[in-house]
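Here are some notes to read beside the model. Please keep the structure open while going through the points.

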Amino acid sequence: HKFITAASGREVIEMSRREDYDLILMDVKDNDIDGIETTKQLKRMVSDESMPGIIGLSNDQNRDKASCMQAGMDDILEKPMSAEMLRQKINYWIIQE
């Protein structure tokens with residue numbers, strides 16, 4: 001698998017129009033379009049069979065979890081996180097395919 005970064009929610013949406021991804025990690029509170037709105041837009045534009053797993057990165061998992069799940073995110077990871085916790089989440093969602 002390769003890793004690609006995007007600077008904003010808008011860029012994630014544009015990149016997803018051009019290429020399929022296995023997994024998207026995105027900040028719940030992004031600069032231009034937050035992760036919740038980005039997720040909603042991705043869910044509207046991508047077919048279910050090509051939909052990547054989406055993990056929201058949050059400073060407050062308890063506050064954000066319900067809205068993330070309602071928007072269509074598959075999981076949430078609280079910041080700050082250890083490298084091991086991030087690796088476990090990525091492996092879980094990639095292997096699950």
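1. Which residues of the largest nonpolar core touch the most other members? The model is a predicted one, and in it Ile24, Met26, Leu42, Ile54 and Cys68 hold that place among the 17 residues of the core. Two or more residues come from each of helix 1, strand 1, helix 2 and helix 3 (61–71). Helix 1 gives the most, with three residues.

2. Leaving aside neighbours within four places in sequence, Cys68 is in contact with Val28, Ile36, Met73 and Ile76. There is also a second, separate core of seven residues, including Leu23, Ile55, Leu57 and Leu77.

3. Helix 1 (residues 9–18) has Gly9, Val12, Ile13, Met15 and Ser16 as its buried residues. Seen down the helix axis, these buried residues fall within an arc of 165 degrees, so they line one face of helix 1. An α-helix has 3.6 residues a turn, so residues three or four places apart point the same way. Strand 1 (23–27) and helix 2 (35–45) are among what covers the buried residues of helix 1. On the other side of helix 1, Arg10, Arg17 and Arg18 are exposed.

4. The largest pocket holds about 650 Å³ of space. Its lining has 25 residues, and Ile4, Thr5, Leu23, Ile24 and Leu25 are the closest to its centre. Helix 1, strand 1 and helix 4 (83–95) each give two or more residues to the lining, and the largest share, five residues, comes from strand 1.

5. What classes of residue make up the lining of the largest pocket? The lining has 14 nonpolar, five polar and six charged residues.

Conventions:
Residues are numbered from 1 along each chain as its sequence is written. This is a predicted model: local features need pLDDT of at least 70, side-chain atom pairs count only at pLDDT 80 or more; totals for chains, interfaces and linings use all residues. Side-chain values use heavy atoms; hydrogens and water are left out. Buried means under 20% relative accessible area, exposed over 50%, partly exposed in between (1.4 Å probe, protein chains only). Helices (H or I, at least four residues) and strands (E, at least two) are DSSP runs, numbered from the N terminus. The arc is that of the directions from the helix axis to the C-beta atoms. Contact means heavy atoms within 4.5 Å. On a 1 Å grid over the protein atoms alone, a cavity is a set of points where a 1.4 Å probe fits but cannot get out, and a pocket is an open set with protein on both sides within 12 Å along at least five of seven lines; lining residues have an atom within 4 Å of a point. Grid points are joined across faces, edges and corners, and a volume is the space filled by probe spheres set on the points. Ala, Val, Leu, Ile, Met, Phe, Trp, Tyr, Cys and Pro count as nonpolar, Asp, Glu, Lys and Arg as charged, and the others, Gly among them, as polar. A nonpolar core is a set of buried Ala, Val, Leu, Ile, Met, Phe, Trp, Tyr and Cys residues joined through side-chain atoms within 4.5 Å.
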